[in-house]
Amino acid sequence: MTHTSAVIDPLLWIVLPYAAVVLLIGGLIARYRADQFGWTSRSSQIYESKILRLGSPLFHGGLLLVVGGHVVGLLIPEAWTSKIGISEHTYHWIAVALGSVSGVLTLAGLAILLFRRITVGAVAKATTHNDVFTFTALIFVLCAGALTTIIGGIAGGGGGLNNYRATVAPYLRSLFYLHPHLDQIQAAPTEFKVHVALAFCLFAILPFTRLVHLVSAPVGYLLRPYIVYRSRRTTRAGNRPVRRGWAPVVGLHK
C-alpha cells in the first residue's frame with residue numbers, strides 16, 4: 001500500500017460511509033422537524049402529464065428492481081445461494097439479466113423525464129438548481145452502476161461478478177458491524193469502487209433534495225378514517241329530506 005492510498009482509502013471507505021449515514025439520518029430528522037411542507041417530490045404533473053405517464057413508471061419501476069437486486073446481492077452471501085442449489089455460474093447470469101433489464105428501464109425512464117424537463121417550457125421553469133444537482137448525481141450513480149454491469153458482468157464473463165461478491169459485498173456487510181474490511185474493498189475492480197463511492201455521496205445528499213420522498217410511505221392513508229360524503233340531492237339543512245320541484249310559498253293559500 002502506497003502512502004497516498006494509506007491516507008485516501010480510510011477516508012473513502014471508513015469516514016465517507018459513516019459520514020453518509022450520519023448525514024442521511026440526521027438530515028432526515030432535521031428536515032422533518034423544520035420543513036415538513038417541503039417533504040415532497042415537487043410533482044410537476046400539473047404542467048404536463050402525457051410524457052410523465054410514460055417516463056415515471058419506467059424510472060420508478062426500474063429503480064425498484066435495481067434496489068431489490070442490490071439488496072439481494074449485497075446482503076445474501078455466496079454461501080447461502082450455494083446451499084439452496086444456485087451455482088455461481090447460474091447466479092451470475094441471473095444477476096446480469098435482471099441487472100441489465102432494470103438498468104435499461106431506469107435509464108430509459110430517466111432519459112424521458114430529463115427530455116420532458118428540458119423541452120416542456122412550464123416544467124423547465126419549475127426546475128430549481130437543487131433539481132439540476134439531484135438529476136446530475138442520479139445520472140452519475142446510475143451510469144456507474146451500468147458500467148459495473150457491462151464491464152464486471154457481461155464483458156468480464158463472470159470474473160467481475162465473482163470479485164464483486166467476494167470483495168464489495170463482504171466489505172459493505174462489514175460496515176454494519178462496525179469493522180470495515182479495507183482489504184476487501186481495496187481488492188475490488190475500479191468501476192465498482194467508483195459506483196460505491198458515488199452511492200455513499202448520494203445517500204449523504206438525499207435528505208436535502210427532492211429524493212427525500214423515497215423514504216416516505218403512505219401509512220397514515222391506510223389508517224385514516226373513512227371520509228363520509230352526503231349527496232346534496234337527498235339532504236339539506238341537516239338531515240331533512242329535500243323534495244324535488246318548486247317549494248311552496250307560505251301564506252299565499254287560505
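**Buried charges and nonpolar cores in an all-helix model**

Arg210 and Asp131 are both buried, that is, under 20% relative accessible area, with exposed meaning over 50% and partly exposed the range in between (1.4 Å probe, protein chains only). The structure is a predicted model, so local features need pLDDT of at least 70 and side-chain atom pairs count only at pLDDT 80 or more, while totals for chains, interfaces and linings use all residues. Residues are numbered from 1 along each chain as its sequence is written, and side-chain values use heavy atoms, with hydrogens and water left out.

The side chains of Arg210 and Asp131 come together in a salt bridge at 3.2 Å, N to O; the term covers a side-chain nitrogen of Lys or Arg within 4 Å of a carboxyl oxygen of Asp or Glu. Arg210 sits in the loop between helix 9 and helix 10 (219-223) and Asp131 in helix 6, so this pair ties together parts 79 residues apart in sequence. Through shared partners, salt bridges join Arg42, Asp131 and Arg210 into one network.

The whole structure holds four salt bridges. Another of them pairs Glu48 with Arg116, whose closest N and O atoms are 2.7 Å apart. Glu48 is buried at a relative accessible area of 13%, and Arg116 is buried at 2%. Then there is Arg31 in helix 1, which meets Asp35 in a salt bridge (3.6 Å, N to O). Arg31 counts as buried because its relative accessible area is 16%, whereas Asp35, at 32%, is partly exposed. Leaving out residues up to four places away in sequence, Arg31 touches Gln36, Gly38, Trp39, Pro207, Phe208, Thr209 and Val212, a contact being heavy atoms within 4.5 Å.

As for the overall fold, the protein chain has ten helices and zero strands, these being DSSP runs numbered from the N terminus (H or I, at least four residues, for helices; E, at least two, for strands). Buried residues make up 33% of the 254 in the chain. Of the contacts with a separation of 6 or more, 78% come from residues 24 or more positions apart. Helix 2 (residues 50-75) spans 38 Å from first C-alpha to last over its 26 residues, close to the 38 Å expected, where the expected span is 1.5 Å times one less than the number of residues. Its buried residues include Leu52, Phe59, Leu63 and Val66.

The largest nonpolar core has 18 residues, and Trp13, Val168, Tyr171, Leu172, Ile185, Val196 and Phe200 touch the most other members; such a core is a set of buried Ala, Val, Leu, Ile, Met, Phe, Trp, Tyr and Cys residues joined through side-chain atoms within 4.5 Å. Helix 1, helix 7 (159-176), helix 8 (182-186) and helix 9 (190-205) each give two or more residues to this core, and helix 7 gives the most, with six. Beyond its neighbours within four places in sequence, Val196 is in contact with Trp13, Val168 and Leu172. Apart from this core lies another, of 16 residues, among them Leu52, Leu110, Leu113 and Val212.
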